[in-house]
Amino acid sequence: MNKDNFSPDTRYVVTWRNPEGKLRPANLYVYQLYDDCMIARMVDANGLLHKILYTDILKIVSQQAVPESDRFRIPAAVLDAKNWKDRTVMERYSSSPGAGK
């Protein structure tokens, strides 16, 4: 996979190779795309933000664009590439105006 296969503010169900090398299903909410990776929230797991390499995604099972009213908001500074240079996971609360949070 590469950057062209993904879009920000979109939910994906994918087959993902986790850091241990095992293939796992994952539900992602994609926030930011970079040339070699994306910043996404693991919606079905712990809710943490993850830096995911495109090469770790083997298959997109489904995708759904998120309406403006239901999008999760995170400050742009948190998604800045310099904050992700040396990390792969971040705990960050986000809110969705459509969910009343």
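The term pLDDT denotes the predictor's confidence in each residue, on a scale from 0 to 100. This is a predicted model, in which local features require a pLDDT of at least 70 and side-chain atom pairs count only at pLDDT 80 or more, whereas totals for chains, interfaces and linings use all residues. Residues are numbered from 1 along each chain as its sequence is written, and side-chain values use heavy atoms, with hydrogens and water left out. The protein has an average pLDDT of 88, and 90% of the residues score at least 70.

Four aromatic pairs are found in the whole structure; rings of Phe, Tyr and Trp (its six-membered ring) pair if their centres lie within 6.5 Å, and planes under 30 degrees apart count as stacked, over 60 as edge-to-face and the rest as tilted. Two of these pairs are tabulated.

| Pair | Type | Centre to centre | Angle between planes |
|---|---|---|---|
| F6 and Y54 | stacked | 5.8 Å | 20 degrees |
| Y29 and F72 | edge-to-face | 5.2 Å | 80 degrees |

Y29 is buried, at 0% relative accessibility, while F72 is partly exposed at 23%; buried means under 20% relative accessible area, exposed over 50%, and partly exposed in between (1.4 Å probe, protein chains only). Both F6 and Y54 are buried, and ring pairs join F6, Y12 and Y54 into a cluster.

T10, in strand β1 (residues 10-17), is likewise buried, with a relative accessible area of 6%. Its side chain reaches the backbone oxygen of P8 at 3.1 Å.

Technical notes:
Helices (H or I, at least four residues) and strands (E, at least two) are DSSP runs, numbered from the N terminus. A polar contact is a pair of N or O atoms within 3.5 Å; within protein, one must be able to donate a hydrogen and the other to accept it, and residues adjacent in sequence count only if both atoms are side-chain atoms.
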